[in-house]
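The entries follow in the order I made them.

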Amino acid sequence: MVTILGGGIAGTVLAGALAGNQVPVTVYERQPEPGNGAFMVLDGHAHESLAQLGVPLEALHERSHTVPGFRFHFLPEERRATRSQGHRLYQRADLMAVLTEFASAANAPIHYDKDIIDLDPSTGALHASTGAIPSDGLVIAADGIDSIARRRLEPERPAEYAGQVVIYGTIPHAVQLDTEPDVMHFHGQLGEGPMPTSTFGHMWNDKAVFWFTRLTREPLPQQDIGSHPAAHWADAIRAADPMISGLIDTILAATDAVHVSNARNVPFDNARAVQLPIVLCGDADHAITPAAARGAREAIEDALALYRAITADESPFDAMTERRIRITEERTQQTRVISRATA
Ligand SMILES: Cc1cc2nc3c(=O)[nH]c(=O)nc-3n(C[C@H](O)[C@H](O)[C@H](O)COP(=O)(O)OP(=O)(O)OC[C@H]3O[C@@H](n4cnc5c(N)ncnc54)[C@H](O)[C@@H]3O)c2cc1C
């Protein structure tokens with residue numbers, strides 16, 4: 001029996017893939033229903049991995065928006081436009097709906113409203129607010145950035161502020177803008193490093209406008225995180241790039257509420273070696289700031305690696321050890337590419 005703690009992106013898709021291959025699996029998820037949240041972008045590689053896990057690509061395409069290209073307005077003209085690599089944009093609720101339908105079609109038992117409040121690091125026994133949960137065998141902790149499993153296994157490895165506050169907004173209807181439609185536009189101001197100190201990103205099409213701001217500043221106190229009227233943050237958002245205040249004002253005027261949060265990373269260069277019987281997966285092991293736009297892709301890759309190991313009767317611990325090496329290499333490579341592009 002495989003027990004999965006957390007029915008987010010990784011937990012749900014892994015449960016569906018395992019159940020579809022007759023591997024007994026059970027998921028415990030604290031939310032009363034599949035999660036909601038900010039929109040996100042997945043690249044072609046993430047889609048290939050989802051397809052290999054068995055998720056129907058047609059269902060994913062139906063619930064997402066194509067992103068054929070990116071435009072980095074703060075770079076010299078000849079380096080501004082980039083074609084995407086199969087990227088698509090999802091409202092998190094839509095992505096979760098597809099993954100949940102996939103898991104449900106495979107009869108994967110996902111127990112919602114089950115908050116796991118403790119777990120025993122040596123046996124993997126879980127404790128819900130309603131009492132102990134019997135679990136034998138492998139426990140996969142896919143319980144996100146504030147993972148209770150990581151807190152028990154590695155209390156010295158908490159999530160850390162990544163230096164930026166991120167603000168996300170969606171306008172659920174078409175708004176005609178002067179920028180090219182379907183393209184993900186990045187405006188902002190470069191500082192001394194390769195990444196902009198402030199960014200205003202947006203994409204629009206005939207259905208909606210998706211936009212975000214990233215601001216380098218001190219972290220927000222907990223009580224300021226969450227949903228706010230867009231007007232509350234208008235001045236800070238305009239300051240992300242004063243050259244495009246007209247575009248920002250048009251977008252803000254059509255936006256009701258924004259979601260505001262502190263970008264965070266889970267550092268894993270000093271992570272403890274993977275140990276029986278609990279394996280950390282996805283954000284629980286190696287969350288990365290939304291600015292990297294790759295946390296979900298990495299969580300899906302973890303799910304695929306674990307799925308392959310479990311169904312081939314190989315070691316899930318070796319699989320996740322291998323994943324950590326791979327993630328480190330890929331992030332180093334991505335940093336090099338960004339540094340070259342902005343040099
Ligand atoms: C604003 C923002 C924008 C982002 N944009 C992108 C993007 O463009 N591209 C990209 O690839 N990534 C993006 N990410 C990152 C992405 O959202 C995460 O990397 C991804 O959700 C990780 O998946 P996961 O399954 O590991 O964790 P999650 O999806 O967070 O799932 C964890 C689940 O565990 C549950 N849980 C937690 N604790 C318990 C408990 N004690 N008991 C029971 N259940 C529990 C939670 O309720 C949750 O459902 C973004 C993140 C943010 C915050």
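Entry 1: I counted a salt bridge where a side-chain nitrogen of Lys or Arg lies within 4 Å of a carboxyl oxygen of Asp or Glu. I note here that the model is predicted. I looked up Arg297 and found a salt bridge to Asp43, with 2.6 Å between the closest N and O atoms. Arg297 belongs to helix H9, while Asp43 sits in the loop between strand E3 (39-42) and helix H2 (44-53), so this pair ties together parts that are 254 residues apart in sequence.

**Entry 2: other salt bridges.** How many salt bridges does the structure hold? I wrote down 20. One of them joins the side chains of Asp118 and Arg152, at 2.4 Å from N to O. Asp118 is in strand E9 (residues 116-119) and Arg152 in helix H5 (residues 148-153), so the pair links distant parts of the chain, 34 residues apart. Asp118 is partly exposed at 28% relative accessibility, and Arg152 is partly exposed at 34%.

I also looked up Asp235 and Arg238, whose side chains meet in a salt bridge of 2.9 Å, N to O. Both are in helix H6 (residues 234-238); they are three residues apart, which means that about one helical turn separates them. Asp235 counts as exposed, with 59% relative accessibility. Arg238 counts as partly exposed, with 29%.

Salt bridges can also join up into a network, and I noted one that links Arg294, Glu298, Arg326, Glu330 and Arg331.

**Entry 3: a patch of charge.** I turned to charges on the surface. Asp313, Glu314, Asp318, Glu322 and Glu329 gather there in a patch of negative charge. I picked Asp313 and looked up its place, which is the loop between helix H9 (295-311) and helix H10 (316-342). Asp313 counts as exposed because its relative accessibility is 72%, and the cut-off for exposed is over 50%.

**Entry 4: aromatic rings.** I counted rings as a pair if their centres lie within 6.5 Å. By this rule I have nine aromatic pairs. In one of them, Phe72 and Phe186, the ring centres are 4.8 Å apart and the planes are at 15°, so the pair is stacked. Phe72 lies in strand E5 (residues 69-72) and Phe186 in strand E14 (residues 184-190), so the pair ties together parts that are 114 residues apart in sequence. Phe72 is partly exposed, with a relative accessible area of 22%, whereas Phe186 is buried, at 12%.

**Entry 5: one more residue.** Where is Ala142? I found Ala142 in the loop between strand E12 (139-141) and H5. Ala142 counts as buried, at 12% relative accessibility.

Notes:
Residues are numbered from 1 along each chain as its sequence is written. This is a predicted model: local features need pLDDT of at least 70, side-chain atom pairs count only at pLDDT 80 or more; totals for chains, interfaces and linings use all residues. Side-chain values use heavy atoms; hydrogens and water are left out. Rings of Phe, Tyr and Trp (its six-membered ring) pair if their centres lie within 6.5 Å; planes under 30 degrees apart count as stacked, over 60 as edge-to-face and the rest as tilted. Helices (H or I, at least four residues) and strands (E, at least two) are DSSP runs, numbered from the N terminus. Buried means under 20% relative accessible area, exposed over 50%, partly exposed in between (1.4 Å probe, protein chains only). Patches are made of residues with over 30% relative accessible area and no salt bridge: like charges are joined within 9 Å, nonpolar side chains (Val, Leu, Ile, Met, Phe, Trp, Tyr) within 5 Å. Accessible areas come from the Shrake-Rupley method with a 1.4 Å probe; for residues, only the protein chains shown count as cover. Lys and Arg count as positive and Asp and Glu as negative; His and the chain ends are not counted. The place of a charge is taken as NZ of Lys, CZ of Arg, CG of Asp or CD of Glu.
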